[in-house]
Amino acid sequence: MDQPKITLLHYYPTSRLLYGKLLSQAGFAVTSHPTNTPDEVIALLRQERPNLAVMSVEFGSPSQEPAKRRMGLDALAQIRQTPELSTLPVIMESSSDEYEREALAKGANAYVGGTNPNEVLVQKIREIIGN
């Protein structure tokens, strides 16, 4: 059986590295990409056709304007409006719980936030894709 494909979309290189390693060790085929704009996210997901995407709410550093930092929520809304991606499972991730309600309202299948997301990320992925 093929490994489920996970696309990891995160602004911070260290987070991409750590999450990528965690998910690979859990038996998933992982590709990771920096996040810049919602349009780039849509193009990547169309190209990769993953079984699930893990995406950060934040698309920029804390010093950037708030709209840029929350661009992951805009990308999620765009995913849900794109016919070939509308049913793609998406887990939103943030170091804060402040965006959870909004992420779920915009169509996230799950939200992982707070200071120890590693503990629940693999569990949520397995619950969603059944692996």
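Is R46 buried, partly exposed or exposed? R46 is partly exposed, with a relative accessible area of 39%; here buried means under 20% relative accessible area, exposed over 50%, and partly exposed in between (1.4 Å probe, protein chains only). The legends below describe a predicted model, in which local features need pLDDT of at least 70, side-chain atom pairs count only at pLDDT 80 or more, and totals for chains, interfaces and linings use all residues. Residues are numbered from 1 along each chain as its sequence is written, and side-chain values use heavy atoms, with hydrogens and water left out.

**View 1. E84 and R46 form a salt bridge.** The closest N and O atoms of this pair are 2.4 Å apart; a salt bridge is a side-chain nitrogen of Lys or Arg within 4 Å of a carboxyl oxygen of Asp or Glu. E84 sits in the loop between α4 (71-81) and β4, while R46 belongs to helix α2, so the pair ties together parts that are 38 residues apart in sequence. Helices (H or I, at least four residues) and strands (E, at least two) are DSSP runs, numbered from the N terminus. E84 is partly exposed, at 38% relative accessibility.

**View 2. K106 meets E102 in a salt bridge.** Here the N to O distance is 3.8 Å. The structure holds 2 salt bridges.

**View 3. E93 is buried yet has no salt bridge.** Look for E93 in strand β4 (residues 90-93). The nearest side chain of opposite charge, R16, is 11 Å away; Lys and Arg count as positive and Asp and Glu as negative, while His and the chain ends are not counted. Leaving aside residues up to four places away in sequence, E93 touches H10, Y19, M55, S56, V57, E58, V112 and P117, where contact means heavy atoms within 4.5 Å.

**View 4. T35 is buried, with a relative accessible area of 0%.** T35 is in the loop between β2 (29-33) and α2 (38-48). Its side chain reaches the backbone nitrogen of Y11 at 3.3 Å. Beyond residues up to four places away in sequence, the contacts of T35 are L9, H10, Y11, E58 and F59.

**View 5. R49 has a positive phi although it is not a glycine.** The phi angle of R49 is about 50°. You will find R49 in the loop between α2 and β3 (52-56), where R49 counts as partly exposed at 48% relative accessibility.

Key. Polar contact = N/O pair within 3.5 Å; in protein donor to acceptor, adjacent residues only side chain to side chain.
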